[in-house]
Amino acid sequence: MSQGIDWPAFAGYTFLIPPVNLLFLNWFPFNRSLTKRIIYIVVWEISLLSYELITLLPGPWGFLHYGWWKLWISALINPILLLILIGFYKFVSKLENKVKIEVS
């Protein structure tokens with residue numbers, strides 16, 4: 001294991017995660033039933049785990065190498081992270097609406 005910046009991972013974090021978060025939030029069914037929102041999160045969870053499995057393959061496909069982390073940990077953590085993302089989006093939206101009301 002080398003020390004320093006992991007440039008391939010840095011590129012992935014910089015150019016992959018923000019657009020995926022935007023896609024998730026853009027298509028999220030905010031005004032739908034709880035069942036549809038749960039199904040949406042489950043579909044994204046399956047997609048995220050599938051992507052993670054692909055990145056664990058040997059090269060040229062794979063670039064992710066686990067140490068102690070296991071796929072089942074991702075399966076537990078990903079929905080929590082998606083819910084945090086939704087909560088943060090709602091929080092920022094409320095702040096923006098509050099600022100708009102105060103400026104008007």
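Biologist: What share of the 104 residues in the chain is buried?

Modeller: In this predicted model, buried residues make up 18% of the 104 residues in the chain.

Biologist: And what does the secondary structure come to?

Modeller: The chain has four helices and zero strands, and reading along the sequence gives the pattern α-α-α-α. The radius of gyration is 17 Å, well over the 13 Å that the globule rule gives for 104 residues, so the chain is more spread out than a compact globule.

Biologist: What does the C-alpha trace span along its principal axes?

Modeller: About 55 × 35 × 20 Å. As for contacts between residues at least 6 apart in sequence, 45% of them join residues at least 24 apart.

Biologist: Let's move to the helices; at what angle do the axes of helix 2 and helix 4 cross?

Modeller: The axes of helix 2, residues 17–27, and helix 4 cross at roughly 70° and come within 11 Å.

Biologist: Switching to rings, how many aromatic pairs does the structure hold?

Modeller: There are eight aromatic pairs in the structure. One of them joins Phe-24 and Tyr-40, whose ring centres are 5.4 Å apart and whose planes stand at 35°, so this pair is tilted. The pair links distant parts of the chain, with Phe-24 in helix 2 and Tyr-40 in helix 3 (residues 34–55), 16 residues apart.

Biologist: Are Phe-24 and Tyr-40 buried or exposed?

Modeller: Phe-24 is buried, and Tyr-40 is buried as well. Phe-24 also forms an aromatic pair with Trp-44, and that pair is edge-to-face, with 5.4 Å from centre to centre and 85° between the planes.

Biologist: Where do Phe-24 and Trp-44 sit in the chain?

Modeller: Phe-24 belongs to helix 2 and Trp-44 to helix 3, 20 residues apart, and this pair too links distant parts of the chain. Both Phe-24 and Trp-44 are buried.

Biologist: Which residues do the ring pairs link into a cluster?

Modeller: The cluster is made up of Phe-24, Phe-28, Phe-30, Tyr-40, Trp-44 and Tyr-89.

Biologist: Where is Phe-28 found?

Modeller: Phe-28 lies in the loop between helix 2 and helix 3. Leaving aside neighbours within four places in sequence, Phe-28 is in contact with Arg-37, Tyr-40, Ile-41 and Ile-86. For Phe-28 and Ile-41, which are 13 residues apart along the chain, the C-alpha atoms are separated by 8.5 Å.

Biologist: Why does Phe-28 count as buried?

Modeller: Phe-28 counts as buried because its relative accessibility is 8%, and the cut-off for buried is under 20%.

Biologist: One more residue: which helix holds Asn-78?

Modeller: Asn-78 is in helix 4, which covers residues 71–103. With a relative accessibility of 12%, Asn-78 counts as buried.

Biologist: Which residues does Asn-78 touch, not counting those up to four places away in sequence?

Modeller: Asn-78 touches Glu-45, Leu-48, Leu-49 and Glu-52.

Note on methods: Residues numbered from 1 in each chain as written. Predicted model: local features only at pLDDT ≥ 70, side-chain atom pairs only at ≥ 80, totals over all residues. Heavy atoms only, no water. Helix = DSSP H or I, 4+ residues; strand = E, 2+ residues; numbered from the N terminus. Buried < 20%, exposed > 50% of the residue type's maximum accessible area, 1.4 Å probe, protein only. Contact = heavy atoms within 4.5 Å. Axes fitted to C-alpha atoms, helices over the stretch in contact; angles between N-to-C directions. Phe/Tyr/Trp six-rings, centres within 6.5 Å; stacked < 30°, edge-to-face > 60°. Rg over C-alpha atoms; globule rule 2.2 N^0.38 Å.
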